[in-house]
Amino acid sequence: MSGGKIRQILLLTDGCSNQGEDPAAVAAFAKEKGITVNVIGILEHGSAREHGMKEVEDISMAGGGVSQVVYANQLSQTVQMVTRQAMTQTLHGVVHNELRHILGEEQEMEDLPPDKRGEVMEVVDELGENISLEVLILVDTSASMKAKLPMVQEALSDLSISLNSRTGGNHFSLFLFPGKRKEVEKVLDWTPKINSLTGTFNRLTTGGVTPTGPALKAALYHFEKRQDRRSLIEYGEEDGPFEESGF
Amino acid sequence: MERKTVHLKNQASNLTPGTKWLGKWNRNPYRIVKKLGYGATGSVYLVETRTGQAAVKIGENKMSLTSEINVLKHFSKVKGNVLGPSLWDVDDIEIGNETYPFFCMEYLKGESLLEFTKRKGVEWAPILMVQLLGDLDRLHREGWIFGDLKPENLIVTGPPARVRWFDVGGTTKIGRSIKEYTEFYDRGYWGLGDRKAEPSYDLFSTAMIFIQTAYRERFNKPSGNENSLDYLSRRISNMYPLSPYKKILLYALKGKYTGAQWMKKDVMAAIEARSYKRSNTKKITRSAHPVKKKARSGSNLRKNNRNKENSSYRVEIILTASFLFLSSILYFMGQWM
């Protein structure tokens, strides 16, 4: 959370990265920058293959986020749940820190009597409803993902429905990797709604390599660019600078 | 139970009957009778307390039950406390080295909504829906939306049969966004609305539950480009018990009801119209026969009368004729002599 905002990277992948730096390292760096990395591992249907799903957990742990491994048909509900959970987790972290300031270093949430815990939860709920959220979605489009992309697309518009039902503002951005000529390709710049996705996935050429690490790095850079631009252009205005579309 | 080396997450969901504990803060004693079930946030047990049997829900993790407890607390402040199961105790349980939150509530004994309508007949479904809509109306008036409304969260207690909800974990303040939902009952999933907590969200779920009572199982949304409203409309038409309520169901699916009381009124009117129609046709068929019989017997009577009239008329003619004949003979005989 920075400046009354929650910033998240949501990575959807089905397996091991095989190009570039260790994605967990990039995720750890993102965490330091105040950006949570959540990962959803998509399983091949019919196979109980957990191969490559260790990485899913590693990345999210390093990135201070939430991970979940699911079949493609469970994607919609999972994507919104993971995003929500990570948001609540972040907010709890912030509130905990505040509480520790007030109550002393050793005070943990569960040391509070149930009554007080309820009050804290109300505060977190309230914040989760009103805070602005920035989610950069990173989708693995390597060859094995091809059949799952329609489900991914559906899950993303579903996520948009869920988050836009909140009072607080939302901004989404979508990156695919591997890209056409580059390791990663931006297909959607910061926008409040993801309903303009139709067709994006259809004209995709899926590649063979999975450069998860570089893709995460690009996502991080994109967040930073946004941050810089904002601090350069205007300072006091909340949520203003993103009205103009594109860069 | 300390000896168990199960996964941490399962410790709170694997308590065996007979397990006893004292609440960490309030020191109330509990003894487990049996496990009742488990949900997304925790496991529910039937327990023995100082005051009798009750249900206890033990959370999976530190914060998982907090929202639900908050909601139940709000409900218990509402006069009459009709909105959910009564909340009796909120505390922590220590299992091994871990602490889990739990709360104790009224134990609702009954059977699931779908089992009930399956056993007693689908004609019960609209009645239960009316009850549910009444409860929803009260809930909405208090400023809450149930959210994750589904048959699994509804139980039919009684007799007399009364539908009650028990898992209020998804209950959300009006105006916020729905966090917990189940796809089949979620208008967002069907592409028929957003997830804002407003009365029409619950009414959509109610309509889907109603539809499910006829089908008994969930079905998926149409694959391809078919409009989901057309699809659902077809699904409603396919099921004979739903047809009298089709208009109401579609109205709810479209999100056009602004309050539960309007939908309730319409369902009640539909039930009434149906039973009126039925009893009317019954009356007609029942009364048709006697009327016909009466009519038939009446005409018979009249016919008989006519026959009688005819015969008496003939007798009269014969009598007068013979009288005239005899008197003329007597006259001629008198002339002759």
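This is a predicted model: local features need pLDDT of at least 70, side-chain atom pairs count only at pLDDT 80 or more; totals for chains, interfaces and linings use all residues.
Biologist: Where do I start with chain B? How many helices and strands are there?

Modeller: Start with the inventory. Chain B has eight helices and 11 strands. Then turn to burial. Of the 337 residues of chain B, 45% count as buried.

Biologist: What share of the contacts in chain B join residues at least 24 apart?

Modeller: Take the contacts between residues at least 6 apart in sequence. In chain B, 56% of these join residues at least 24 apart.

Biologist: Now the sheet. In which order do the six strands of the open sheet in chain B lie?

Modeller: The order is E1-E2-E3-E4-E6-E5, and the pairing is antiparallel. Strand E1 (20–22) and strand E5 (87–95) of chain B are the edges, each pairing on one side only. On average, neighbouring strands of this sheet are turned by 40 degrees against each other, direction ignored.

Biologist: How many bridges join E3 to E4 in chain B?

Modeller: Eight bridges link strand E3 (residues 42–49) to the antiparallel strand E4 (residues 52–59) of chain B. Look at B:Thr49, which stands opposite B:Gly52 in E4(B).

Biologist: Which strands does helix H2 of chain B touch?

Modeller: Helix H2 (residues 66–77) of chain B packs on the sheet and touches E4, E5 and strand E6 (98–105). Its direction makes about 160 degrees with that of E5(B).

Biologist: Which residues is B:Asn70 in contact with, leaving aside its neighbours within four places in sequence?

Modeller: They are A:Gly118, A:Met121 and A:Glu122. With A:Glu122, the B:Asn70 side chain makes a side-chain polar contact at 3.5 Å.

Biologist: That leads to the interface. How is its size given?

Modeller: Often as the accessible area lost when the parts come together. Here chain A and chain B bury about 2,300 Å² between them, with 44% of it on carbon and sulfur atoms. In chain A, the residues losing the most area to chain B are A:Gln77, A:Arg117 and A:Ser165, together 22% of what that side buries. Counted by residues, 26 of chain A are in contact with 29 of chain B.

Biologist: How many salt bridges does the rule find across the interface of chain A and chain B?

Modeller: Six. One pair to look at is A:Asp125 with B:Lys179, a salt bridge whose closest N and O atoms are 3.6 Å apart. Between chain A and chain B, 13 residue pairs are in polar contact.

Biologist: Which helix gives the most to the side of chain A that touches chain B?

Modeller: H4(A), with nine residues. Helix H3 (75–103), helix H4 (114–130) and helix H5 (149–164) of chain A each supply at least two residues of that side.

Biologist: Last, the backbone. Where is the cis peptide bond?

Modeller: Check omega. A cis peptide bond joins A:Phe177 and A:Pro178, with omega about 0 degrees. A:Pro178 is found in the loop between strand E5 (170–177) and strand E6 (185–191) of chain A.

Biologist: What is the phi of B:Arg27?

Modeller: B:Arg27 has a positive phi of about 55 degrees, although it is not a glycine. B:Arg27 is in the loop between E1 and strand E2 (29–38) of chain B. At 46% relative accessibility, B:Arg27 counts as partly exposed.

Conventions:
Residues are numbered from 1 along each chain as its sequence is written. Chains are lettered from A and ligands numbered from 1 in the order in which they are written. Side-chain values use heavy atoms; hydrogens and water are left out. Two strands pair if DSSP finds at least two bridges between them. Helices (H or I, at least four residues) and strands (E, at least two) are DSSP runs, numbered from the N terminus. Axes are lines fitted to C-alpha atoms, for helices over the stretch in contact, and angles run from 0 to 180 degrees between N-to-C directions. Contact means heavy atoms within 4.5 Å. A polar contact is a pair of N or O atoms within 3.5 Å; within protein, one must be able to donate a hydrogen and the other to accept it, and residues adjacent in sequence count only if both atoms are side-chain atoms. Buried area is the accessible area (1.4 Å probe) that two parts lose on being put together, summed over both. A salt bridge is a side-chain nitrogen of Lys or Arg within 4 Å of a carboxyl oxygen of Asp or Glu. Buried means under 20% relative accessible area, exposed over 50%, partly exposed in between (1.4 Å probe, protein chains only).
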